[in-house]
Amino acid sequence: MTERTRFDLPQDRIPSAWQNLLPVMAGAGIQLLPPLHPGTKQPVTPDLFAPLFPEQLILQEVSTDEWIDIPGEVIDVYGLWRPSPLHRATRLERALDTPAHIYFKYEGVSPAGSHKPNTAVAQAFYNKKAGARRLATETGAGQWGSSLAMACSFFDLDCLVFMVKASYEQKPYRRIFIETFGAEVRPSPTSTTQAGKKILEENPDSTGSLGIAISEAIEVAATNDDTNYSIGSCLNHVLLHQTVVGLEAKEQMEMAGEVPDVVVGCVGGGSNYGGLAYPFMADRLRGDRPNMRFLATEPAACPTLTRGRFAYDFGDTGQMTPLLPMYTLGHDFVPAPVHAGGLRYHGDSPSLSLLVREGHMEARAYSQNEVFDAAVQFAKAQGIVPAPESAHAIRGAIDEAVAARDAGESRVILIGLSGHGHFDMQAYDDYLNARLPEVEFDPAQEEAALARLPEVPIG
Ligand SMILES: Cc1ncc(COP(=O)(O)O)c(C=O)c1O
């Protein structure tokens, strides 16, 4: 019999509750610091979020319950593509001549092509229920904008997407995908918001960044009663919704009869990796799997976890969000326009940042060519052309598999393959024609941006 390489769950095994890691972290003595009010520097009260988010999402953001039921209407939409498959990458294992077993949880099967709809659908549902008419958001790679546009059309909401200008120009088909669902797309920075105008005055050629696009979307939500803000990553409730990925993967790894030694993912704001890793991390924090390793990967051009500072900082460039305790390169740090647009974020999820700081997660940064070398190797072995963001995770996993081979060890590696790269052909074309320019991280820019961090002590 041929070796089994797919581990599929039936539709009735879509998880019925999301898993909240925060109480598990607290139980292990890892206490998340509260977000602070940008003016008073005191812990924020939930009402500060009320102009932006519906009550249910605010409650989830601060919940101390480990399990939160998924509404039936959300599970019904998840059923369009969930449970997503777990594959064993035996062809890649053979290509690498490694004794390691490599598995990948593939979120590219969602209609938008990534993990992002897992939270987009939940957020659209709660907003509709709370009476919002429109959602405003940012998008880096276009995956989040696509997902929210789709979710809004399912729940009959209008949708406005500020798309980072670098991606808007690199990926016209992503823009058209978003517009197909009836959403409006604006290349950020725009002159339609105060935050955007300010950036354009300082730098008319700005290619934008997630931090800038977030400011624009928040401004629209804060100044329009019928509009709420929706965020694609970073915050607790977003990572919470993404735990369907890890909960399914745990069950699928059991079907495969293996336990991962290392769980690898890419980190922009932390949502796909948190979603995959946290159900496994709960076992580590409880002492059931103390040796399970976690590897977060990121671009060398935007090395938040590996070179950033753990500090209180704004989530956006325009300084409108509460101060979040996280690894940051500085809220006005603008990363070079690498092809992995979804990883160009100056900050990271506070919970994930804390896990790195406390030594429960490792982090590694990779250059563009290292990432695309891995992407093409993976595509040739497994047939899937990964999103440039996801290819960072593949790079990390290949390095783990090669290290296992060199050490003559077996190792079970689980990759979060967060999306496909079908809208990223320009990036592949650039790489295939003449390798990519190695856009350098600029330490001087980081130093200057860190000097502008708000002065708030952090434990
Ligand atoms: C395919 C894909 N993977 C990963 C990311 C990074 O975001 P996060 O860290 O929230 O998963 C993005 C963001 O746009 C993405 O599109």
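**Exercise 1. Find which residues Glu-251 touches, leaving out those up to four places away in sequence.**

Solution. Bear in mind that this is a predicted model. Skip residues up to four places away in sequence, and Glu-251 touches Leu-9 and Arg-13. Next, count neighbours: there are 16 C-beta neighbours inside 10 Å, so Glu-251 goes down as partly exposed. Asp-332 is 81 residues from Glu-251 in sequence, and their C-alpha atoms are 41 Å apart in space.

**Exercise 2. Work out how α11 and α12 are set against each other: what are the angle and the axis distance?**

Solution. Take α11 as residues 236-256 and α12 as residues 271-285. Their packing angle is about 55 degrees, and the axes lie 6 Å apart. The pair is therefore oblique. As for handedness, the crossing of α11 past α12 is right-handed. Now list who meets whom: the α11 side includes Val-238, Leu-239 and Gln-242, while the α12 side includes Ser-271, Tyr-278 and Phe-280. Sort the residues of this contact by class and you get ten nonpolar, seven polar and one charged.

**Exercise 3. Check the length of α16, then say how α15 packs on it.**

Solution. Helix α16 runs over residues 388-407, which is 20 residues. At 1.5 Å a residue the span should be 28 Å, and the end C-alpha atoms are 29 Å apart, so the two agree. On burial, α16 is mostly covered, with 14 of its 20 residues buried. Just past the end of α16, Gly-408 has a positive phi of about 65 degrees.

Now bring in α15, residues 368-382: α15 and α16 pack at about 85 degrees, axes 8 Å apart. That angle makes α15 roughly perpendicular to α16. Among the contact residues are Phe-372 and Phe-378 of α15, and Ile-394 and Ile-398 of α16. By class, the contact of α15 with α16 holds nine nonpolar, two polar and two charged residues.

Methods
Residues are numbered from 1 along each chain as its sequence is written. This is a predicted model: local features need pLDDT of at least 70, side-chain atom pairs count only at pLDDT 80 or more; totals for chains, interfaces and linings use all residues. Axes are lines fitted to C-alpha atoms, for helices over the stretch in contact, and angles run from 0 to 180 degrees between N-to-C directions. Helices (H or I, at least four residues) and strands (E, at least two) are DSSP runs, numbered from the N terminus. Angles under 35 degrees count as roughly parallel, over 145 as roughly antiparallel, 65 to 115 as roughly perpendicular and the rest as oblique. A crossing is left-handed if the near helix is turned anticlockwise from the far one by less than a right angle, and right-handed if clockwise. Two residues are in contact if their C-beta atoms, placed from the backbone, lie within 7 Å. Ala, Val, Leu, Ile, Met, Phe, Trp, Tyr, Cys and Pro count as nonpolar, Asp, Glu, Lys and Arg as charged, and the others, Gly among them, as polar. The expected span of a helix is 1.5 Å times one less than its number of residues. A residue is buried if 20 or more other C-beta atoms lie within 10 Å of its own, exposed if 12 or fewer, and partly exposed in between; C-beta atoms are placed from the backbone.
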